[in-house]
Amino acid sequence: MVSIKSASDIQKMLEAAKIAAEALNVVETKLRPGMTTKEIDKIVHQVITSHGAKPSFLGLYGFPGSACVSVNEEVIHGIPGSRRVEEGDIVSVDLGAFYKGFHSDTCFTFPVGQVADDVKKLLEDTNASLYEAINAAQVGARLGDVSHTVEAYCRERGYGIVQNYCGHGIGREVHEDPEVPNHGRAGHGMRLVEGMTICIEPMINMHGDGVHTMPNQWTVVTDNGCWAAHFEHEILITENGPVILTKR
Ligand code: MG
């Protein structure tokens, strides 16, 4: 069931979202070659808890970290650990904060130092596909319009689209209805209405759609080892257009 948020719900969700956005800002400031994914996770944990919030992902379905930290060929759900990010790598940091009864959720793929031109373009294009999709999330539009926007934008540029995982509604739970896939048919699916809060999160591979889960049962990697980007914002649907709650 899709939950429609009241004005007071939205105020609390905005506060939770701001904490999540700040955590990404601090990661961006502190990210250095040689840092382990566990060190990145510690930064996220520190920022979120310093506001009296709880990391939304810690313990979610048994996840052991405060953030999902995924490097290069890791698409999503990277478990923070001893892997080090090196100059030229990319690292996706997906996190959320639980505050005043509501969750937030956002992700950004950071370049570590200087990255190759095609990698830089993958990051720019994936982020741009997110903003195109956000722009499609207007009252009266359908979910398929949002999904199709990501798919069309990324296919045109020759990328692979992860289809086994998708965006979602968010609120008192991290994952609420509806599902927000990164592929779909324009003009199909649920109509968007004012007060819906959804996460749009393109997960885009340099080439090829295929992904699989590592033996650790969590980390999702590309089948062909190519690198992948993941950008996510949490948005509120309003009559005046979509509002990005996790804006940085
Ligand atoms: Mg999400």
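Mentor: Helices (H or I, at least four residues) and strands (E, at least two) are DSSP runs, numbered from the N terminus. This is a predicted model, so local features need pLDDT of at least 70 and side-chain atom pairs count only at pLDDT 80 or more, while totals for chains, interfaces and linings use all residues. Residues are numbered from 1 along each chain as its sequence is written, and side-chain values use heavy atoms, with hydrogens and water left out.

Trainee: Switching to the metal: what coordinates the magnesium ion?
Mentor: Asp105 (OD), His168 (NE2), Glu201 (OE) and Glu232 (OE) do, at 2.1 to 2.3 Å. Glu201 sits in the loop between strand S11 (197-200) and strand S12 (203-205), and Glu232 in the loop between strand S15 (228-230) and strand S16 (233-236), so this pair, 31 residues apart, links distant parts of the chain. Donors are N, O and S atoms within 2.8 Å of the metal (3.2 Å for Na, K and Ca); water is not among the atoms, so sites may look incomplete.

Trainee: Is Glu201 buried or exposed?
Mentor: Glu201 is buried, with a relative accessible area of 5%, and Glu232 is buried too, at 1%.

Trainee: How much space lies in the largest pocket?
Mentor: About 390 Å³. On a 1 Å grid over the protein atoms alone, a pocket is an open set of points where a 1.4 Å probe fits, with protein on both sides within 12 Å along at least five of seven lines; lining residues have an atom within 4 Å of a point. Grid points are joined across faces, edges and corners, and the volume is the space filled by probe spheres set on them.

Trainee: Which residues lie nearest its centre?
Mentor: Of the 22 lining residues, Tyr61, His77, Cys166, His168 and His175 do. His168 is also one of the residues coordinating the magnesium ion.

Trainee: Which strand gives the largest share of the lining?
Mentor: S10, with four residues; S10 is residues 176-180.

Definitions and conventions: Buried < 20%, exposed > 50% of the residue type's maximum accessible area, 1.4 Å probe, protein only.
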